[in-house]
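Please take me through this structure in the viewer, one selection at a time. Tell me what to pick and what is there.

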Amino acid sequence: MAVKPSAAIDAARLRRRLFALFLDWLTWGYVAYAVMYFLQEYWWSRTLYGFYNPLTLPGWGWPAAVLGTLAMAALCELTGYSLGERALKLERREERPLSREELLTGKAAGKPFWRTQWGVMSILLLALTVALGWHVVKISPEALLNPSERAREMLGEIFPPDFRYFFTPDPAFELRGFPYSILNLMVVTVFMALLATVLGAAVALPLSFFGARNIMGVSPAGWFVYGIVRGFFNVFRSIETMLWAVVFAIWIRWGSPLAGIMALTVHTIAALGKLYSEQVEGIDPGPVEAVVAAGGSRLEVIRYAVLPQVVPSFWAFTLYRWDINVRMSTVIALVGGGGIGDMLFYYKNEGEWALLGAVMATIVAVVWAMDYLSGRLRERIV
Amino acid sequence: MAEPYLVVEHLTKVYERGHVVALKDVSFEVRKGEFLVIIGLSGSGKSTLLRCINRLIEPTKGRIFIDGVEITKLSPRQMRKFRRRIGMIFQHFNLIKRATVMTNVLTGRLGYNPTWKTLLGIFPRSDRELALRNLERVGLLEKAYVRADELSGGQQQRVGIARALMQEPELLLADEPVSALDPATSHSVMQYIEQMNQEDGVTVLASLHFLSLARRYGTRIIALKDGELVFDGAPEEIDDRKFKEIYGEEAEEVEIR
């Protein structure tokens with residue numbers, strides 16, 4: 001086995017230390033930002049001016065902040081108090097013989113993480129983050145504990161819910177000229193989720209093999225296709241279902257269930273495709289080798305060596321996605337995707353709290369039932 | 001003398017990652033019907049050598065001839081067709097665990113059937129009959145429709161042998177076929193391989209861990225050390241000095257009977 005020359009090792013170590021320095025710099029930048037934020041909230045605005053006034057830095061402020069944090073990071077790096085080094089596992093722990101006493105009492109294992117310098121620093125950073133977040137989001141317990149007048153009124157009317165329009169269509173609520181009942185729309189909604197899951201899985205299944213490194217990584221052309229398919233999965237998955245619904249609602253028609261199905265399907269393809277292809281990448285390569293050695297083609301490898309290994313997890317992921325799609329389909333109407341949400345938001349806007357209560361109760365019951373069903377199915381399969 | 005069946009010429013394999021040289025200029029010849037055993041420490045290149053012969057691993061340099069055909073020159077399509085003639089069994093059996101024994105055995109026939117048929121799971125009646133005969137031969141007929149992962153290790157390796165038999169091979173590559181098995185089962189598996197060699201005239205290349213097994217079953221032994229061929233000769237020629245040369249000074253021979 002060839003040994004790497006020590007110059008290469010030194011260069012690699014230097015790169016890692018520079019990266020650790022960069023991480024420390026980011027950390028100190030974050031601390032500096034938090035300090036400035038609190039300064040503005042309390043001291044600057046209230047003490048100096050007596051009213052809210054944004055903090056403005058003098059011209060030399062930005063370079064000073066950048067250099068100051070860099071200096072702090074460098075200081076940490078030199079004195080060994082560097083979180084970045086710890087994160088990259090670049091500790092400089094000296095090797096020394098351990099005494100029998102240390103081995104016996106467990107002192108040899110070292111202090112628990114939260115009692116080390118890094119542990120203390122991490123806890124302080126976490127506390128800072130919570131404090132900062134609290135002020136940025138303006139969390140106020142009083143507002144949470146004292147609901148508005150309207151909320152009291154609404155809660156009073158929502159119980160008991162009014163199931164008058166469960167079977168009979170509500171004449172006041174019309175979609176494209178037709179009145180609907182809760183049951184009508186709930187059926188539409190469940191089928192939206194079902195169709196989107198089935199269609200999405202059917203497309204994701206073949207695609208996922210093109211997005212698996214161990215299947216495609218045999219030729220440059222294969223790598224190319226792999227890159228494209230993986231890119232498609234990542235980009236389309238990062239656009240949330242609700243955003244896809246906006247796109248399709250404009251494309252097809254506002255409030256059409258087809259728009260909802262399309263939005264759910266597109267996101268399902270990308271999400272399931274990624275999960276599927278990761279399963280394909282995680283298979284035992286042994287059977288693949290055996291099928292190839294027997295003269296099997298690429299398709300035969302997939303059929304005989306890959307599919308049998310991934311089918312159970314494919315089912316589990318598909319059922320999991322079905323859960324997500326059922327929940328998503330109940331609110332997708334908010335952005336024009338159709339389904340029971342149309343009714344939900346109609347009653348909300350009209351202030352028909354008792355009728356709204358009935359819709360919500362139905363949604364909860366159906367979502368719970370579907371969750372239970374898919375959970376039982378998943379138990380059976382895995 | 002007859003033309004050698006398998007010729008390996010100056011075979012070298014370098015793994016790009018980590019710049020590991022797995023095989024260094026290995027050359028040897030095998031006659032038809034030989035039972036050649038490859039010995040050597042873990043990591044000495046035995047598996048790489050076997051996998052170069054059916055090109056599961058692409059050699060970096062060198063040529064390999066089987067029955068006069070330079071297989072290192074074949075296109076992927078031609079190679080796939082040629083692999084029908086080369087059976088292989090593996091250390092960890094490499095069965096499809098969730099499929100039945102029958103399906104596993106039939107995969108040995110994939111190279112003989114058109115892909116569109118096998119994708120639908122259709123195999124000719126003659127293949128199914130052959131599968132049953134081969135299962136009978138390894139004593140697993142009644143297990144034909146049991147899931148492969150329900151079998152014991154020895155039984156799984158026998159399924160592996162039945163699968164290799166399905167190819168009606170001329171050459172069998174056995175990559176440490178018994179190192180995952182206990183001594184008693186090891187012999188039963190080795191005897192099936194010996195039977196293939198003696199009754200069907202299959203040329204066998206097997207890598208083995210135990211020298212005692214190598215001596216008992218091999219007609220000839222080659223030894224690899226750090227990717228280099230360090231011994232090529234009859235089993236009796238390996239004396240204590242040779243043994244230490246192959247396995248290192250500290251090694252002691254362990255018998256498995």
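Select strand 3 of chain B, residues 35-39. In this predicted model, the strand is mostly covered, with five of its five residues buried. Show the side chains next: B:F35, B:V37 and B:I39 point one way from strand 3 of chain B, while B:L36 and B:I38 point the other way. Residues on both sides of the strand are buried.

Strand 8 of chain B, residues 203-207, pairs with strand 3 of chain B in the parallel sense, over four bridges. To find one of these pairings, pick B:I38, whose bridge partner in strand 8 of chain B is B:S207.

Then select strand 9 of chain B, residues 220-225. Its pairing with strand 3 of chain B is also parallel and runs over four bridges.

Move to chain A and select helix 15, residues 341-350, together with helix 16, residues 353-381. How do these two helices pack? The angle between helix 15 and helix 16 of chain A is about 155 degrees, and their axes are 8 Å apart. Angles over 145 degrees count as roughly antiparallel, so helix 15 and helix 16 of chain A are roughly antiparallel to each other. Their crossing is left-handed.

Finish with the side chains at this contact. From helix 15 of chain A, show A:M343, A:L344, A:Y347 and A:K348; they meet A:L355, A:L356 and A:V359 in helix 16 of chain A. By class, the contact has six nonpolar residues, one charged residue and no polar ones.

How values were computed. Residues are numbered from 1 along each chain as its sequence is written. Chains are lettered from A and ligands numbered from 1 in the order in which they are written. This is a predicted model: local features need pLDDT of at least 70, side-chain atom pairs count only at pLDDT 80 or more; totals for chains, interfaces and linings use all residues. Axes are lines fitted to C-alpha atoms, for helices over the stretch in contact, and angles run from 0 to 180 degrees between N-to-C directions. Angles under 35 degrees count as roughly parallel, over 145 as roughly antiparallel, 65 to 115 as roughly perpendicular and the rest as oblique. A crossing is left-handed if the near helix is turned anticlockwise from the far one by less than a right angle, and right-handed if clockwise. Two residues are in contact if their C-beta atoms, placed from the backbone, lie within 7 Å. Ala, Val, Leu, Ile, Met, Phe, Trp, Tyr, Cys and Pro count as nonpolar, Asp, Glu, Lys and Arg as charged, and the others, Gly among them, as polar. A residue is buried if 20 or more other C-beta atoms lie within 10 Å of its own, exposed if 12 or fewer, and partly exposed in between; C-beta atoms are placed from the backbone. Two strands pair if DSSP finds at least two bridges between them.
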